[in-house]
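Please read the following briefing alongside the sequence and the model.

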Amino acid sequence: MEAQKNTKKYWIYFFAWFAILVTLMFVYREFFWLALPGTLTYFAKGMDLF
């Protein structure tokens, strides 16, 4: 039986990166893709995919 990992900090990081992503979408549309790696990485970690 595996122990549950605490993913709360990863969810906080995900929402921070997501806020940055949304802000970049509206303010600097050409740079929004710079926030994608952080957003996707912490989403996967929050879901405990790896």
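**Overall fold**

The protein has two helices and zero strands, where helices (H or I, at least four residues) and strands (E, at least two) are DSSP runs numbered from the N terminus. This is a predicted model, in which local features need pLDDT of at least 70 and side-chain atom pairs count only at pLDDT 80 or more, while totals for chains, interfaces and linings use all residues. Residues are numbered from 1 along each chain as its sequence is written, and side-chain values use heavy atoms, with hydrogens and water left out.

- The C-alpha trace of the protein spans about 45 × 15 × 10 Å along its principal axes.
- The radius of gyration of the protein is 13 Å, whereas a compact globule of 50 residues would have a value near 10 Å; this radius is taken over C-alpha atoms, and the globule rule is 2.2 Å times the number of residues to the power 0.38.
- Of the 50 residues of the protein, 18% count as buried, a term that means under 20% relative accessible area, with exposed meaning over 50% and partly exposed lying in between (1.4 Å probe, protein chains only).
- The protein exposes about 4300 Å², and carbon and sulfur atoms supply 69% of that area, which comes from the Shrake-Rupley method with a 1.4 Å probe.
- Among the contacts in the protein with a separation of 6 or more, 50% are accounted for by residues 24 or more positions apart, contact meaning heavy atoms within 4.5 Å.

**Aromatic rings**

- A search of the whole structure finds nine aromatic pairs; rings of Phe, Tyr and Trp (its six-membered ring) pair if their centres lie within 6.5 Å, and planes under 30 degrees apart count as stacked, over 60 as edge-to-face and the rest as tilted.
- One of these pairs, formed by Trp11 and Phe43, is edge-to-face, with 5.9 Å centre to centre and 85 degrees between the planes.
- Because Trp11 lies in helix H1 and Phe43 in helix H2, the pair ties together parts that are 32 residues apart in sequence.
- Trp11 is partly exposed at a relative accessible area of 24%, and Phe43 is also partly exposed, at 34%.
- Ring pairs link Trp11, Phe14, Phe15, Phe18 and Phe43 into a cluster.

**Nonpolar surface**

- A nonpolar surface patch of about 1200 Å² is made by residues including Phe15, Phe18, Phe31, Trp33 and Leu40; patches are made of residues with over 30% relative accessible area and no salt bridge, with like charges joined within 9 Å and nonpolar side chains (Val, Leu, Ile, Met, Phe, Trp, Tyr) within 5 Å, and a salt bridge is a side-chain nitrogen of Lys or Arg within 4 Å of a carboxyl oxygen of Asp or Glu.
- H1 and H2 each supply at least two residues of this patch, and its largest share, five residues, comes from H1.
- Phe31 has its place in the loop between H1 and H2 and is partly exposed, with a relative accessible area of 40%.

**Individual residues**

- Thr7, in the segment before H1, counts as buried at 16% relative accessibility.
- Leaving aside neighbours within four places in sequence, Thr7 is in contact with Lys45, Gly46 and Asp48.
- Asp48, in the segment after helix H2 (36-46), has a positive phi of about 60 degrees although it is not a glycine, and counts as partly exposed at 36% relative accessibility.
- Thr23 is found in helix H1 (residues 8-27) and is partly exposed, with a relative accessible area of 45%.
- Thr23 and Ala35 are 12 residues apart in sequence and 9.9 Å apart in space, C-alpha to C-alpha.
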